[in-house]
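Here are my notes on this model, as numbered points. Please read them with the structure open.

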Amino acid sequence: MQEAHPRVRFAPSPTGYLHVGGARTAIFNWLYAKKNNGTFLLRIEDTDKQRSSDEMTQAILDGLTWLGIDWEGEPWSQSAQAERHAQEARRLLEEGKAYYCYLTPEELQQMRADAEAKGEPYWYGRAGLRMPEEERQRREREGYAKTLRFKVPEGETTVEDLVHGTITFEHKEIDDFIVLRSDGSPVYMLSVVVDDHDMGMTHIIRGDDHLSNTPKQVLLYQALGYDVPAFGHVPLILGTDKKRLSKRHGATAVGEYHERGFLPEAVFNYLSLLGFSPGDDREILSRTEMIEAFTPDRLQISSAVFDEQKLLWLNGQYLRMMDAKQLSQALDPFLTKEWKQLDNTYVKDVIGLMSERITTLSEFCDAAAYFVHDPAEYDEKGVRKHWKSPIVDALPELIATLESIEFTDEALESAIRAHAERLDVGAGKVIQPLRLAITGGTASPGMFETMRVLGKETCLRRLRSALKAIPVSDS
RNA sequence: GCACCCAUCGACUAGAGGCCUAGGUCGUCACCCUUUCACGGUGAAAACACGGGUUCGAAUCCCGUUGGGUGUACCA
């Protein structure tokens with residue numbers, strides 16, 4: 001029954017932007033829901049009021065939307081459920097599954113310090129219950145702050161993890177943990193469990209960092225009389241130094257990739273394949289194909305290094321798969337003011353020439369700068385290599401010819417090739433100086449197309465000023 | 001420290017005992033295409049962490065070592 005319509009969620013805490021690791025977790029959950037005809041929900045874990053903010057919540061929502069991940073209904077707010085969580089905690093107390101601990105933070109800290117001094121591991125070990133009854137009562141009378149701790153039962157808990165398989169934890173390794181703080185607020189461990197139950201979650205797919213805490217949560221599910229959902233723990237994303245991916249590794253926020261001109265499809269594709277593989281040799285999969293291919297048992301169990309090189313490549317692939325219209329639409333937000341003022345057809349022509357020469361949208365304006373400005377300077381190495389007599393000496397002659405022809409690819413090509421032939425040199429010998437004069441550099445799209453798009457007037461003007469500006473050297 | 005997780009080319013991965021002379025992709029290198037740059041094409045170098053078992057046979061199963069990760073909070 002559960003299998004038919006699974007309910008899954010992504011539960012970020014709004015203490016930062018949408019991290020690529022979080023995005024990937026969201027993607028896996030989303031894929032699982034789509035694949036199995038289930039429901040994907042969002043929950044904002046905003047119980048840490050100090051570090052949470054509405055801006056961050058919005059940024060996370062924006063990031064998900066950008067990636068094309070949609071969720072059902074309004075995002076669930078964890079903090080809004082605090083009273084409900086506390087209620088459930090009190091139920092644990094009534095049922096004898098939790099107890100009040102009157103130890104002060106100072107006393108706890110002392111225990112820690114003592115343990116460390118003796119070189120022993122710190123262990124709370126039900127200290128709150130070991131306190132003599134009269135002392136407990138005295139502290140209660142005197143209004144000592146008290147926390148509610150979960151009484152971890154004896155035994156062991158086995159988790160059937162969707163990606164890791166069977167894992168057993170012995171309860172003697174688990175300390176009695178706090179479920180209600182001394183101010184009465186619920187602690188994360190409790191909140192997740194109650195929320196996931198209330199939201200009807202059937203599968204919890206989340207980061208590996210929650211694996212060790214899973215038995216505590218399972219114990220809570222059982223103590224509260226809830227059905228225990230299925231768990232799947234996906235490995236974390238690492239930086240190039242194999243350490244957990246963080247800001248110092250470069251861009252980690254999804255929004256940064258957006259700004260840097262990556263396409264959402266490419267990022268989605270890349271992230272999906274980081275820790276998952278369809279099992280065949282496909283590297284480029286559409287959303288639909290990804291949904292079709294997705295199954296948690298093909299999820300990787302070891303962590304993966306985030307490799308921007310491959311993302312870059314994928315982005316280039318997606319860029320080249322777009323037609324002119326799609327590309328110019330995607331490019332639009334990345335165009336500078338001067339580009340936006342240009343004639344639409346002209347910009348489209350330029351995009352057509354540049355599309356396979358860029359890998360991110362943000363590169364475009366710089367890479368195509370000479371389509372807007374006459375070169376202000378000329379590539380030094382290019383000058384040394386290509387600006388020589390007798391080719392350059394013969395340029396005025398070529399200019400004269402160009403003046404009389406129509407700027408089509410064909411006409412330009414035959415004029416320039418004929419000119420080269422007259423000089424008895426390969427066409428490249430003529431084309432390189434032309435490129436230098438017209439673009440200022442040594443790399444550009446095909447020269448005939450470039451000149452056609454630039455137009456006769458611009459080309460001739462640039463040729464004439466190059467002739468004046470660059471001194472000719474003998475070969 | 002203790003507990004848990006993990007370990008195939010530099011990176012992402014395929015591999016569920018013989019199909020492995022370990023496959024694909026990114027990156028790297030070479031060559032081809034070519035007016036340059038890119039794209040594209042062809043090819044090359046490049047890995048089963050180590051040590052023991054189990055088995056006729058192990059990248060695949062078991063144990064240990066080493067290495068990495070996570071958890072162990074009145075953070076989430």
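1. The largest pocket has a volume of about 1200 Å³. A pocket here is an open set of points on a 1 Å grid over the protein atoms alone, where a 1.4 Å probe fits, with protein on both sides within 12 Å along at least five of seven lines. Grid points are joined across faces, edges and corners, and the volume is the space filled by probe spheres set on the points.

2. This is a predicted model, in which local features need pLDDT of at least 70, side-chain atom pairs count only at pLDDT 80 or more, and totals for chains, interfaces and linings use all residues. Residues are numbered from 1 along each chain as its sequence is written, chains are lettered from A and ligands numbered from 1 in the order in which they are written, and side-chain values use heavy atoms, with hydrogens and water left out.

3. The lining of the largest pocket comprises 43 residues, where a lining residue has an atom within 4 Å of a point. Pro-12, Ser-13, Gly-22, Asp-209 and Arg-244 lie nearest the centre. Strand E1 (7-10), helix H1 (20-35), helix H7 (188-198) and strand E9 (203-207) each supply at least two lining residues. H1 gives the most, with five. Helices (H or I, at least four residues) and strands (E, at least two) are DSSP runs, numbered from the N terminus.

4. E1 also belongs to an open, parallel sheet of three strands, in the order E1-E2-E3. E1 and strand E3 (76-77) are the edges; each has a single partner strand, so one side of each lacks a neighbour in the sheet. H7 packs on this sheet and touches E1, E2 and E3. Its direction makes about 145° with that of E2. Contact means heavy atoms within 4.5 Å. Axes are lines fitted to C-alpha atoms, for helices over the stretch in contact, and angles run from 0 to 180 degrees between N-to-C directions.

5. E1 and strand E2 (residues 39-44) pair over four bridges. Val-8 has Phe-40 in E2 as its bridge partner. Pairing requires at least two DSSP bridges between the strands.

6. A second open sheet of three strands is antiparallel, in the order E4-E5-E8. Strand E4 (98-101) and strand E8 (178-180) are its edges, each with a single partner strand, so one side of each has no neighbour in the sheet. The twist averages 45° from one strand to the next.

7. E4 and strand E5 (residues 147-150) share four bridges; E5 and E8 share two. Arg-149 is the bridge partner of Tyr-99, and Ile-178 in E8 is the bridge partner of Arg-149. Cys-101 stands opposite Thr-147. Which faces of E5 are covered? Both: Thr-147 and Arg-149 are buried on one side, Leu-148 and Phe-150 on the other. Buried means under 20% relative accessible area, exposed over 50%, partly exposed in between (1.4 Å probe, protein chains only).

8. Helix H20 (residues 427-439) is mostly covered, with 10 of its 13 residues buried. Among them are Val-430, Ile-431, Leu-434 and Ile-438. The buried residues pack against helices H17 (380-386), H18 (395-404), H19 (409-423), H21 (447-454) and H22 (456-469).

9. Just after H20, Gly-440 takes a positive phi of about 85°.
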